[in-house]
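Please walk through this protein with me, beginning at a single residue and then widening the view to a sheet and to the chain as a whole.

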Amino acid sequence: MKKFIRILDLLLFIGVPCMVASLLIVSCQDEVKNTVTYTVNEPVYMPFAQFRAQRVAQPTQAMVNPGKICLYSSHLFINEVGKGIHIIDNSNPAAPRPIAFIELEGNIDITVRNNMLYADSYIDLVWFDISNPSAPVEVGRLPDAFRNIYPTIDNSYPIAEIDNTKGVVVGWKVKDITVDVETRHYFYEYYMDFASSADGGNAPTSGGGSSTALTGSMARFAACGNYLYVVNEGMLKVFDLSGQDISKIYDQYLAWNVETIFAYNSKLFFGTTTGMLIYDITDPITPKYLSSVTHILGCDPVVVQDNYAYVTVRGGNTCGQIQSQLNVVDISNPSAPFTRASFIMQSPYGLGIDGNSLFVCDKGLKVFDASTPAMVGDRLVKHFDDIAGFDVIPYNNVLILIGSDGLRQYDYSDQQNISLLSTLNVQAK
């Protein structure tokens, strides 16, 4: 009898017509009801009015979960993942001084141009006047600038149905749901509930002169001239920053797996899980595809200097292959890039290049001699293995490093004797 029921279930699941199924056991009119219980992530909403209320500077707060970093003039801006932005007076890198905090729900990325700080806040783009960095003032907000931006989820449960009219999703509540379903629809109903999670997207040096910030290699924001370029859900979004009010002027599909953006010499370099894309922004409003170079599947930030792009490819976990690499890509002809050399890494994240020094966050921080790019991975100068490295910004002989254990800054004016300048540790969770 058990074998017979399993065969029936299989026939019903794969869509055998009711007329055939009825010959086996029961007519289509005699539908059997089952009770099904499963666990989902139920969205927690914040009303739009509360979410979009104007933000003002808060007293300094300890870092708990730092993410992206940005250097503008003598100040550092450090993202507190999903919570806001720390502002640090870094006029003396040996003694960085926190001066303010901007509370901003859903913030992940930041950049600065002409004393204006641009930041994401889940689905909105928000900008602040930082002429006085200790007292930033919210200037404007572009609602619905981004799509499918939801909080991260630390479990494998599906997402329950989201009603975007209720407000902005700012969290999840794990909940058991019990429903009555028809036997012949059981697999379909459960699959549709699970598949709804596919709509829950991101649950988790910029170019230019003195008026534009430097950002790390893990950035999804790049400000160039009067335009802000943003990577979001496989799309490249272009915003016009020339006026008081910001408008989105261009939307272009790049690739489903695009992760990071790096601007250099009127070009945009995109890191994806399968390779690097190069776009020309000579016409800044309509970026033009030039070329791409592929690599093994893995998480992939990129930085560029002169005729070479340096790409870390992190394998393992959700990133793809087991193997991790540092790739050196020859971009002397941006329309025909090719991989010049590859080197085995352990588990790399962000990286930065300045002159003959390449810095890679790989099981701490590794410093390589980049005087000969094709041999860089074989020329390890120093490995700081007692720290956590996520991303770096090298500038003016000072390396700014952010990681899960906090902020560290190093003097690399003497590559053979790199010295620690300062630390700002995270607060214990």
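In this predicted model, Ile-78 has a relative accessible area of 0%, and because the cut-off for a buried residue is under 20%, Ile-78 counts as buried. The residue belongs to strand E4, which covers residues 75-80. Phe-101, which is 23 residues away from Ile-78 in sequence, has its C-alpha 9.5 Å from that of Ile-78.

Elsewhere in the chain, strands E13, E14, E15 and E16 form, in that order, an open sheet of four strands with antiparallel pairing. Strand E13 (221-224) and strand E16 (247-253) each have a single partner strand and therefore stand at the edges, with one side of each left without a neighbour in the sheet. From one strand to the next, the twist averages 20 degrees. Within this sheet, strand E14 (residues 227-232) and strand E15 (residues 235-240) run antiparallel and are joined by six bridges, and Val-231 has Leu-236 in E15 as its bridge partner.

Turning to the protein as a whole, the secondary structure comprises four helices and 32 strands. Of the 429 residues, 50% are buried, while the protein exposes about 19,800 Å², of which carbon and sulfur atoms supply 50%.

Conventions:
Residues numbered from 1 in each chain as written. Predicted model: local features only at pLDDT ≥ 70, side-chain atom pairs only at ≥ 80, totals over all residues. Heavy atoms only, no water. Helix = DSSP H or I, 4+ residues; strand = E, 2+ residues; numbered from the N terminus. Buried < 20%, exposed > 50% of the residue type's maximum accessible area, 1.4 Å probe, protein only. Areas by Shrake-Rupley, 256 points an atom, 1.4 Å probe, with all protein chains shown as cover. Pairing = 2+ DSSP bridges. Axes fitted to C-alpha atoms, helices over the stretch in contact; angles between N-to-C directions.
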